[in-house]
Amino acid sequence: MTDSTRTTSPTRRNVLRGAAAVAAAGGLAGTGVGAGPAAAAQRPTRTRHFPFLEGAFKPVTEELTAFDLPVTGRIPRELSGRYLRTGPNVLGLEDPRAHHWMLGDGMVHGVRLREGRAEWYRNRWVRSSQVARKLGEPYPGPVPPDDFPCNTHVIPHRGRILALQESGPLPYELDDELNTVGTYDFRGTLEGAFTAHTKFDVHAGELHAIAYYPTWDHVRHLVVDPAGRVSRSTRIPVADAPMIHDFALTEHYVIILDMPVTFDPAGAERGDIVPYVWNDRHPARVGVLPRAGGTVRWFEVDPVYYSHTLNAYEEGSNLVVDMTNFDAPFLVAGNGSGGPYSPGTPRLDRWTVDLRQGRVRTRTLDDRPQEFPRVNEALVSRRHRYGYSAASAEMAVAYQAVDGNPPPDRAFSNALIKHDLLRGTSQVHRLPRGAAASEAVFVPSDPCDGRAAEDDGYAIAYVHNPERGASDLVILAAQDFTGEPVARIHLPGRVPLGFHGSWIPDA
């Protein structure tokens, strides 16, 4: 199947139009709730909640710029650069029933650090054609296929800042002050979809991606070379058009995680908000592709839904993958709550692919609710000892909400976690009630010091400050993880719970 099928097949814009049409008609697609007076009469009368539009998730309504931010503590002078994090921040929502958290318009939040000062904070929507239209701004040039305000990740690449989205949209390039430059296609070499989760191998100077698209009968492994061009595209046949949100990379292999969340053509035709379903007929499996080229080996596993990979490495004939997983079934479209649904909370697991024995061994490293695992980026595809993750009480509750109702009472906490995966221990930086924690990114003290310890640096994260009703950028010394933050940078507004980000050091 070629990319030309896009002209008549479902696209992200078609899905969004369908969702809006269904909501306007008075029903909510994909939830089992009927439309019309008879169905309405049968519904119990109660207050409807949309947890992904409330509390720590509530979208902000303004773009802010603030200079010389107040700080509690002292910002390390070696931190010179920008910390950027993106997430969905829906703009101009008229009916919450037409909304899904993962489809919110992307907004990037950034803090600029230099010489021990927090020079500025900015938050900016990614100016796709639809965001520009909502803001009454012109959109320069023709609108690309599957145009979308990328909301899932923001990365540095070859002197550029790229906002990323999976399954179709081109990345959007931003300038140093978070203004949108335009779409980016890797110097004209990207054909078709890209991904939200790339892996940059600093040793090879290569950026890797696994891309999928609803109408493809395959997924693609893409390699962007040191010149910034897509130098290789390998098509990997798969059935049922699975959602492949993340993947893993080792020194010699690409690890593809093919789980039972697949595209639903009938749902797309109906106008379901997110036409992906849990598919019991789709086998859960792990694929191993040699980076040098060759045939994919597939290994079956018990059905789960992986969320994000921490990192992967080789250990003899074994490939070790650390990742966060949800129990089955994972419902991307949720249970009427406006976001994903899981019967349990995500945990940190280790999967070991035994290439010699032809099997995958799985075990849980930490069963506490946690998400967004990160590693020292210099060790992507190489053996790591430490990992960092975030526990957010509101996210744990929202993921288990059904039709707007919270799950049975459970005591969730807010914390940042540092894992020592060599010793099998962890350190927990506990946060107050109401202090929702976003993903923690590791920043080395001196990225040029090849002899530095793996955890010689800082873990930085946006954390809601309930006393101020705004967010702080919290900087922890990674080697004193449970101690007081080195610095708390007080932002002028909230950073809603969202997705992923990067530290972008000055050149």
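Predicted model: local features only at pLDDT ≥ 70, side-chain atom pairs only at ≥ 80, totals over all residues.
I take contact to mean heavy atoms within 4.5 Å. Residues are numbered from 1 along each chain as its sequence is written, and side-chain values use heavy atoms, with hydrogens and water left out.

**Ile-255 and the cores.** Beyond four places in sequence, I found Ile-255 in contact with Phe-247, Ala-248, Thr-250, Val-286, Gly-287, Ala-312, Leu-319 and Val-321. I then looked up the nonpolar cores (buried Ala, Val, Leu, Ile, Met, Phe, Trp, Tyr and Cys residues joined through side-chain atoms within 4.5 Å). The largest has 57 residues, and Ile-255 is listed among those with the most contacts inside it, as are Trp-351 and Val-353. A second, separate core of 21 residues includes Ile-75 and Val-441.

**Leu-249.** I placed Leu-249 in strand 14 (residues 248-249); strands are DSSP runs of E, at least two residues, numbered from the N terminus. Leu-249 counts as buried because its relative accessibility is 2%, where buried means under 20% relative accessible area (1.4 Å probe, protein chains only). Its contacts beyond four places in sequence include Lys-199, Arg-291 and Ala-312. I noted 9.5 Å between the C-alpha atoms of Leu-249 and Thr-309, which lie 60 residues apart along the chain.

I traced 4 strands in the order 20-21-22-23, with antiparallel pairing; two strands pair if DSSP finds at least two bridges between them. Strand 20 (304-315) and strand 23 (359-366) are the edges. Strand 20 is joined to strand 21 (residues 318-327) by 10 bridges, and Asn-311 has Asp-322 of strand 21 as its bridge partner.

Definitions and conventions:
Buried < 20%, exposed > 50% of the residue type's maximum accessible area, 1.4 Å probe, protein only.
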